[in-house]
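Here are my notes on the model you sent over, point by point. Have the viewer open while you read.

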Amino acid sequence: MAELWRPIRKILREPLGALGLFLVLFVIFGAVFADLLTSWDPTKINPRDRFQGPSTQHLMGTDQLGRDLFARVLHGGRIALFVALVSTAVSLVIGIVLGLIAGYGPRWLDNLMILLFDAMKSFPTVMLALALVTLMGPSLTAVMVVVVLVTVPGYARIIRTQTIALKTSEYVTAAQSMGASSARILRVHILPNVIGPLVILASMDIPVVIGIEAGMSFLGLGVRPPTPSWGSILNDGFTNIRDTAWIAIAGGVPIIITTLGFTFLGETLRDVFDPRLKGR
Amino acid sequence: MSSIFKGDVSRRSVLAGAGALGAASLAFPHMAVSADGSVLTIRSYSDLQVLDPAFWLALPEADIMRSIYAPLVSNQQGDEWNWRPIAVENIEQLDDLTIAFKLRDNIGFTDGFGQMTADDVKFSIERIADPANESPYAGDWSALKEVEVKDNLSGLIHLKNKFVPLWTTTLPTPASCIVSRKAVEEIGGKIGSEPVAQSGQYILTEWVPKQKTVLKRNPDWAYEPGGYEEIHILPIEDPSTAELGFEAGDLDYTWTSVSSLPRLKENPPAGSVVEEKPSLAYVWLGMNHDNEALKDVRIRRAIQHAIDRQTVVDAAYFGAAAVGNGIIAPGLPGSRDSVTYDYDPDKARELLAEAGAEGMTVTLDILNQSERLTAAQVIQANLADVGITCEIKQNDSGTFWTLGSKDGDYFMNLQLVLSRFSMNPDPSWATVWFTPEQVGVWNWERFNNEEYKALHEEGLVESDPAKRDEIYKKMQGLMDESGCYVFLTHEVVGLIHKDTVNPGLKPNGEPLLPLFKPA
C-alpha cells in the first residue's frame with residue numbers, strides 16, 4: 001500500500017500534478033455516475049425546448065433538439081473515456097508484443113517490423129480515419145481501430161529500442177546461459193524493465209486519443225447519432241453558434257478539462273519517474 | 001522566447017507560441033485577402049462530378065453547364081417563370097408538334113471544334129432522348145421524334161405528340177445545352193468532370209476537386225457578356241459553414257440554411273442583403289420497396305404512421321418552413337393539401353406487430369448537412385417510439401448522390417433515405433423521377449407502378465390545368481399507397497449576398513450565373 005501511495009504523494013506535491021489528478025478524477029466521476037447526477041435521458045428530444053440557456057432544470061441548457069446538454073456531456077464522457085482507455089490498453093498490448101518481438105528477434109524481422117511501423121506512422125491520421133470509415137462505416141469501432149493504428153507504432157518503437165538495449169545486458173545473458181526460453185526472458189526479465197516509460201507515455205497519449213474521438217465525431221465519422229459524444233456536441237455548437245453559444249461551450253469545456261487533466265497528470269508522472277526530463 | 005531563438009524548443013514553448021498565434025488571429029480577424037471586384041465568389045452545395053447535359057447529377061452542375069455550353073434558351077431572372085434565348089437567334093413553336101430554331105451565327109466551340117451548327121443541336125438533343133444512351137433526363141425529351149437539320153444554322157424540332165412542359169422544364173434546362181458532336185464522339189460519347197468544347201458565356205478554366213471551380217468570361221462569346229470577369233465556385237456542403245464563410249468575407253453569395261433565415265432576416269450582417277424565395281424543391285423520407293426488410297407494405301405503412309412530420313420539419317428548420325404534402329409545390333397543378341397517412345404511433349405499432357417486425361433495425365442514409373441530421377434524429381426518435389431502431393448514416397455529397405444508382409453496389413441495401421430534389425416549374429418534372437424507367441436511376445425507392453407511369457404520360461399531353469391537377473394528385477396518392485414515401489416539406493430558399501452584388505436568380509432563387517452583375 002505504501003508503494004502505491006508514494007508516487008501519489010509525489011504527484012500531489014506538484015501543483016500541476018494535483019490539479020491534473022483532480023481534473024481526471026472529476027471527469028471520471030462524472031462519467032461513471034452520470035445516471036445518478038442527472039435524470040435526463042441524453043437522447044430524449046423535445047424540439048419545443050431547443051436552445052435554452054442554463055437553468056436549474058437544464059444545468060447546461062439544451063441543444064437544437066431540446067436535449068439536455070448536461071446529460072449529453074456526462075454520457076459523452078463515458079464514450080470519450082471508454083475509447084481512450086480501451087483503445088490505449090489495446091494499443092499498449094499490441095505495441096508491447098510487437099516491440100518485444102522486433103527488439104529481441106532476428107535482425108531481418110526487426111528491419112521488416114520497423115518498415116511496417118514507419119509505414120503505419122506515415123499515414124496522416126485524418127486520411128487514415130477517412131479511409132477506414134469508408135471501409136467500415138462510421139462507428140465507435142472505427143474510431144478505436146484508428147486510435148490503435150495511430151498509436152501502436154510509437155509504443156512498439158519505444159519497447160523495441162529498450163529491448164535492444166537490455167537484451168545484451170548481463171542478467172539477460174545469464175538467464176540465456178541458464179537455458180531460459182525466449183518467452184520467459186521477455187516476460188520475466190525484459191518486460192518489467194521497459195514497461196514503466198510506456199505507461200507514462202500512454203497516459204500522456206490519452207488526451208490525444210480523446211481528441212481523435214472528438215475530432216472524428218465532429219466530422220460525423222465517429223459515434224452515430226443519437227449517442228452523445230463531445231465531438232458531436234461541439235459540432236452541434238459550431239452549427240448553431242449564432243443561435244446560442246452554450247452548446248459549443250458544453251462540447252468544448254469537457255475536452256479542454258480532460259486534455260489539461262491528463263496532460264498535467266502525464267507530465268507530472270514523467271517528472272516523478274524520470275527527473276532528467278523535468279521541465280521539457 | 002529566448003529559448004526558441006536558441007533552438008531549445010520545448011513542448012510548453014510550442015504550446016505558448018500556438019496560443020499567441022491564436023490570440024493574434026482573434027485580434028486581427030480580417031487578415032484574409034479580400035475578393036477582387038471583377039471576381040464573384042459563390043458557394044455551391046456540392047462539387048461537380050459530371051458536366052454532361054445528358055448525365056449530370058446535381059443542380060450546381062446544371063448552373064455550370066448552362067454557363068459553359070450555350071443552351072438554346074435559359075430562364076429569365078425575376079419573379080415570373082420566363083425564358084430568354086441564348087444560342088438561338090430565334091426559336092418559335094410552329095404548331096403542337098414543331099419548333100423551328102435558328103442559331104446565332106458565330107458561336108464557336110473551344111479546343112478547335114469549330115462553329116456550333118444545327119447538327120450539333122440535333123446530336124445534343126437526340127443523345128438525351130435516345131433510350132440506348134440511358135440518360136436520366138430522357139424524360140425531358142420523351143416526346144421527341146427527331147431534330148431535322150435545315151441548313152448549317154437552322155432546324156426543326158419534331159415532336160411525336162403534344163408536350164406541355166416543353167417551354168418550362170425542358171428547353172430552359174440543361175436538356176437544351178448544346179455540345180459538339182465531334183468533341184463528344186471523340187471522347188467516347190460521355191463527358192465526365194472535364195468539359196470539352198465549351199461554347200457558353202463562360203468557360204471553365206480550373207477545377208480543384210473539393211476546393212474550387214473557376215469560370216472565366218469566354219473571350220470568343222460575341223453577345224452579352226457575363227457580369228463578372230471570373231466566377232469562383234466553392235463547394236461547401238453545409239449551409240451553416242457557408243454562412244460563416246459569407247460573414248468572414250470569403251463569399252459574395254450563398255444559399256443559407258432554411259433554419260438560419262429568421263435570424264438572418266432579423267439581423268442581416270453589415271453590407272449584405274438577405275432574401276427569401278418560394279421553393280419548388282421537395283424533401284421526403286424514401287423507403288426502398290425492394291429491400292428485403294421493407295418488402296412488406298405493412299412495414300412501410302407503419303413507418304409512414306410513425307413519423308411526426310410537423311415535428312421533423314419544425315425541428316430541422318426552426319419553424320421557417322411548412323410541412324409539404326407531396327412532390328409538387330403550392331402554386332403548381334397537382335399541389336395537395338394533405339397526405340393519406342396521419343401521425344399515429346399506435347397504428348404503426350399495430351402494423352408492425354401484424355407484419356411480425358417488432359424490434360426491427362433499419363438504416364437511414366442522409367447527406368452530411370446539419371438540417372438533414374436534425375431531421376434524421378427526429379425521425380430516429382419517432383421510429384424508436386414504435387420499436388424500430390434506426391441507424392443514421394451520414395454521407396458526403398459525392399457518395400450520397402450515387403447511393404441508389406443501379407450502377408453501384410449499395411442500391412439494394414439502401415433502406416431509408418432522406419432526399420431533397422430541386423424542381424422546375426411543371427409538375428411533370430417532379431413525377432418523372434418516380435416512373436419505372438427511373439428505377440435505379442433517380443427512383444431509389446424502386447417504386448414501380450404502371451398506373452403511375454400511364455398517368456405521367458397523360459399529364460405530359462394534357463393542357464387543361466384542372467385535368468392536370470387531378471392527374472398529378474392521383475399520382476401522389478399512388479405514391480402514398482405504396483408506403484415508400486413520407487413527404488416532409490418544400491422548404492423555402494434563403495439566400496444572402498453582398499450589397500455590391502446584383503444576383504441573377506430564377507423565381508425560386510436558383511442562380512443564373514451569367515446574370516450576376518456588380519450592383
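1. Going along the sequence, chain A reads α-α-α-α-α-α-α-α-α-α-α. In other words, its secondary structure is 11 helices and zero strands. Bear in mind throughout that this is a predicted model.

2. Some overall figures for chain A. Its C-alpha atoms fill a box of roughly 75 × 45 × 30 Å along the principal axes. Of the 280 residues in chain A, 46% are buried. Take the contacts in chain A with a separation of 6 or more: 67% of them come from residues 24 or more positions apart.

3. Over to chain B, where I'd look at the open sheet of five strands. The order is β15-β14-β16-β13-β17 (chain B), and the pairing is mixed. Which strands stand at the edges? They are β15 (389–395) and β17 (485–489) of chain B; each has a single partner strand, so one side of each has no neighbour in the sheet. On average, neighbouring strands here are turned by 25° against each other, ignoring direction.

4. Elsewhere in chain B, have a look at β7, residues 154–159. Which residues make up its covered face? Those are Gly155(B), Ile157(B) and Leu159(B), while Ser154(B), Leu156(B) and His158(B) form the uncovered face.

5. With β5 of chain B (residues 98–103), β7(B) pairs in the antiparallel sense over five bridges, and Phe101(B) stands opposite Gly155(B), a residue of the covered face. β6 of chain B (residues 144–149) also runs antiparallel to β7(B), joined by five bridges. There, Glu148(B) is opposite Leu156(B), which belongs to the uncovered face.

How values were computed
Residues numbered from 1 in each chain as written. Chains lettered and ligands numbered in written order. Predicted model: local features only at pLDDT ≥ 70, side-chain atom pairs only at ≥ 80, totals over all residues. Pairing = 2+ DSSP bridges. Helix = DSSP H or I, 4+ residues; strand = E, 2+ residues; numbered from the N terminus. Axes fitted to C-alpha atoms, helices over the stretch in contact; angles between N-to-C directions. Buried ≥ 20, exposed ≤ 12 C-beta atoms within 10 Å, placed from the backbone. Contact = placed C-beta atoms within 7 Å.
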